[in-house]
Amino acid sequence: MAQGGYTKEMDGIIASLEGRPRLLLHACCAPCSSAVLELLDRHFELTIFYYNPNIAPDEEYHRREQELECFLEQAGYPHITLIEPEYAPAEFYAAARGLEQEPEKGERCTACYKLRLEKTAKYAAENGFPWFTTTLSISPVKDPVRINSIGSEMAEKYGVSFLTSEFRKRDGYKRSLELSREYGLYRQDYCGCVFSMRERRAQQEAAARQEPA
C-alpha cells in the first residue's frame with residue numbers, strides 16, 4: 001500500500017469496531033506514545049508493551065521507560081498497564097549481525113522493526129490480545145511501508161490483527177511535539193541503538209566543524 005493509505009485503512013478498521021477491544025501497543029518512548037495514546041485510547045482498551053532491546057546504553061533504555069511511566073501518570077492514563085519484558089540487548093545485536101555498517105533507515109532498521117513487532121505479536125497472541133500495533137509510524141524518520149508490511153506479516157504468522165497506521169499523518173507528529181512541550185518530556189536526539197547514536201554524534205561533530213569561528 002502506498003504511503004497515505006494507511007490512515008484511511010485505520011479509519012475503516014476503527015469504524016467497524018464493536019466496543020473497545022484489547023490492543024497491545026508496542027511503544028518506544030513517551031514522546032512517540034503521547035499523540036498515539038490520545039488517539040487510540042478512545043477506541044481500544046490499551047496495554048503498552050515496552051520492548052526495545054535496541055536502545056543503548058542501558059541508562060538510556062531505563063530513562064525512556066521511566067519517562068513513559070511518568071507520562072502515563074501525568075497525562076491521566078492510570079488505566080493503561082505498561083508491560084516491560086526483560087531488557088535483552090543481545091537479542092538486538094543478534095538481529096543486527098552482519099548489518100552493522102548499514103546506514104540509518106537501511107536493512108538494519110528493517111531487522112529491528114521485525115524483531116520488535118514479532119515479539120509484540122507473539123505476546124499478543126499468547127495473552128489474549130486480538131489487536132496489536134506500534135507507535136513507530138509516528139516518527140518522520142521511520143518507514144511506514146516497512147512497518148506496516150512487517151506488522152501484517154506478523155499478524156498472519158501469530159493469528160492476531162494488526163492495526164495499520166501512519167500516526168504522523170493529520171498532524172500526529174506535530175501533536176506529539178505539542179504534548180512533549182506540555183508535559184516537559186525528554187526527547188532523545190537519536191533513534192535508540194548504538195549505531196544510530198554514533199551516526200548522530202558524527203553528524204553533530206561535522207556540523208560543529210563547519211560553523212564559523
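Is Glu-178 buried, partly exposed or exposed, and what is its relative accessibility? The close-ups below, all taken from a predicted model, start with that residue.

**View 1. Glu-178 and its salt-bridge partners.** Glu-178 has 29% relative accessibility, so it counts as partly exposed. Arg-175 is partly exposed too, with a relative accessible area of 27%. The two form a salt bridge, and their closest N and O atoms sit 3.3 Å apart. Both belong to helix 7 (residues 172–183), and because they are three residues apart there, about one helical turn separates them.

**View 2. Two salt bridges with buried partners.** The structure holds ten salt bridges, and here are two of them. Glu-60 pairs with Arg-64, with 2.7 Å between the closest N and O atoms. Glu-60 and Arg-64 are both buried. They're four residues apart in helix 3 (residues 58–74), which means about one helical turn lies between them. Asp-143 pairs with Arg-146, this time with closest N and O atoms 2.8 Å apart; these two are buried as well.

**View 3. Inside the largest nonpolar core.** This core has 59 residues, and Leu-163 is one of the six that touch the most other members, along with Leu-37, Leu-40, Phe-44, Ile-48 and Phe-132. Helix 5 (residues 107–126) supplies the largest share, seven residues. Looking beyond four places in sequence, Leu-163 has contacts including Met-10, Ile-13, Leu-23 and Trp-131.

**View 4. Thr-7 in helix 1.** Thr-7 sits in helix 1, which covers residues 5–15. Its relative accessibility is 7%, so it counts as buried. Setting aside residues up to four places away in sequence, Thr-7 touches Glu-166, Lys-169 and Arg-170.

How values were computed:
Residues numbered from 1 in each chain as written. Predicted model: local features only at pLDDT ≥ 70, side-chain atom pairs only at ≥ 80, totals over all residues. Heavy atoms only, no water. Helix = DSSP H or I, 4+ residues; strand = E, 2+ residues; numbered from the N terminus. Buried < 20%, exposed > 50% of the residue type's maximum accessible area, 1.4 Å probe, protein only. Contact = heavy atoms within 4.5 Å. Core = buried A, V, L, I, M, F, W, Y, C linked by side-chain atoms within 4.5 Å. Salt bridge = Lys/Arg side-chain N within 4 Å of Asp/Glu carboxyl O.
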